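User: I am new to this structure and would like a short tour. Can we go through it in questions and answers?

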Amino acid sequence: IKESEDVACKEVASDIARLIIEKQKKGKTAVLGLATGVTPIKIYQELVKKHREEGLSFHNVVTFNLDEYYPQSKTSELSYYYFMHHHLFDHIDIPAENINIPDGEIESDKIADYCKFYEEKIDAYGGIDIQILGIGRTGHIGFNEPGSRQESLTRLVKLHPVTIMDATREFIREEQVPRRAITMGIKTISKARKVYLLAWGEKKAPIIKEAIEGGISEEIPATFLQNHPNVSVMIDSDAALELT
Ligand code: F6R
C-alpha cells in the first residue's frame, strides 16, 4: 500500500528503467506488457521524463499491449492504439516495429490466426519481462471478463455491461462503446516473469479485496494472479479500504 499513486508509479517506472538498462548492457531486448486506461498514465509520464531528462533510451524495448477494442480504427482517438502513442510512444525513441498492439482493424475471419500470431510473437521474444495491469470493477485483467479461463490465450471477447458502462467516460455515450475486444488471455498474462497489478481510489476497493482475499475463481479473473510467483499489487490507501 503506497502513500500515493505518484509514489507507486515512480517506483514501477524505475523498475522498468532498471530492466531496460540491464538488458542494454547485455545487448538484449526488454519486453514490456502494457495496459491502457487511467491507472498507468503516470507510469508513462515518468518514463517519458526519464527519456527526456535522464537519456533513458527505448531502442532495445519491445512492447505488447494487453488489448484493443474490436472493431476499432487506429485513427480513432478512442482507440488504445491512439492512447499509447499519445501517452508514451510519440515521446520516446522506441522503434515503431517494436510496438505491438492488438489490431482492432483486422478482418473478422482473420482474428483467430491473428491472435495465434500475437501469442507466438510474444514467445518469440522470450516472453514478457514486466507486465503492467490495471483492474476493472468486474475483476477483469486485460479484458478477461468473469468466466475467463485460467488457460485462456489471446482472443476476441465480449465486454461485460459494467465495463461498457465504465468506458462511457471515454466514449461519451454508452452506444458508442464497442461491445467486443481482442485481449491477451489469463495464460498469456501469467507467463510474464514479473507482474504489477495497480489500482487507485475507493471505486476499486471492493474488487481489490476480492482479487486479493477472495478464493481463486473464473468469476473474478484477477484472482488467478494469486497463483503467480512474482506479482506486486500496488494500491493507494483508498483502494485498500476494504482489505481485512
Ligand atoms: C486496459 C485494460 C483494463 C484496464 C481496467 C482498468 O488495457 O486491460 O483491464 O486496466 O479496465 O481501467 P482504468 O485504469 O481506466 O480504471
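User: Which residues in H1 meet Lys-42, Ile-43, Glu-46, Leu-47 and Lys-50 in H2?

Analyst: Keep in mind that this is a predicted model. H1 covers residues 5-25 and H2 covers residues 41-54. By class, their contact has seven nonpolar, no polar and six charged residues. On the H1 side, the residues that meet H2 are Glu-5, Asp-6, Cys-9, Lys-10, Val-12, Ala-13, Ile-16 and Ala-17.

User: Why is H1 oblique to H2?

Analyst: Two packed helices are described by the angle between their axes and the distance between the axes. Here the axes lie 8 Å apart. H1 passes H2 in a right-handed crossing. H1 is oblique to H2 because the angle between them is about 50°.

User: In E5, which residue is the bridge partner of Leu-32?

Analyst: Strand E1 spans residues 30-34 and strand E5 spans residues 130-133. The two run parallel, joined by two bridges. In E5, the partner of Leu-32 is Ile-130.

User: In E7, which residue is the bridge partner of Asp-67?

Analyst: E7 covers residues 180-183. E3 and E7 pair in the antiparallel sense over four bridges. In E7, the partner of Asp-67 is Thr-183.

User: Where is Pro-71 placed?

Analyst: A cis peptide bond joins Tyr-70 and Pro-71, with omega at about -10°. Strand E3 takes in residues 67-70, and helix H3 takes in residues 80-87. Pro-71 sits in the loop between E3 and H3.

User: How many residues surround the ligand, and which are the closest?

Analyst: By class, the shell around the ligand has six nonpolar, seven polar and one charged residues. In total, 14 residues surround the ligand. The closest are Thr-36, Gly-37, Thr-39, Gly-134 and Gly-136.

Technical notes
Residues numbered from 1 in each chain as written. Predicted model: local features only at pLDDT ≥ 70, side-chain atom pairs only at ≥ 80, totals over all residues. Near = placed C-beta within 6 Å. Nonpolar A, V, L, I, M, F, W, Y, C, P; charged D, E, K, R; others polar. Axes fitted to C-alpha atoms, helices over the stretch in contact; angles between N-to-C directions. Parallel < 35°, antiparallel > 145°, perpendicular 65-115°, else oblique. Left-handed = near helix turned anticlockwise from the far one by under 90°. Contact = placed C-beta atoms within 7 Å. Pairing = 2+ DSSP bridges.
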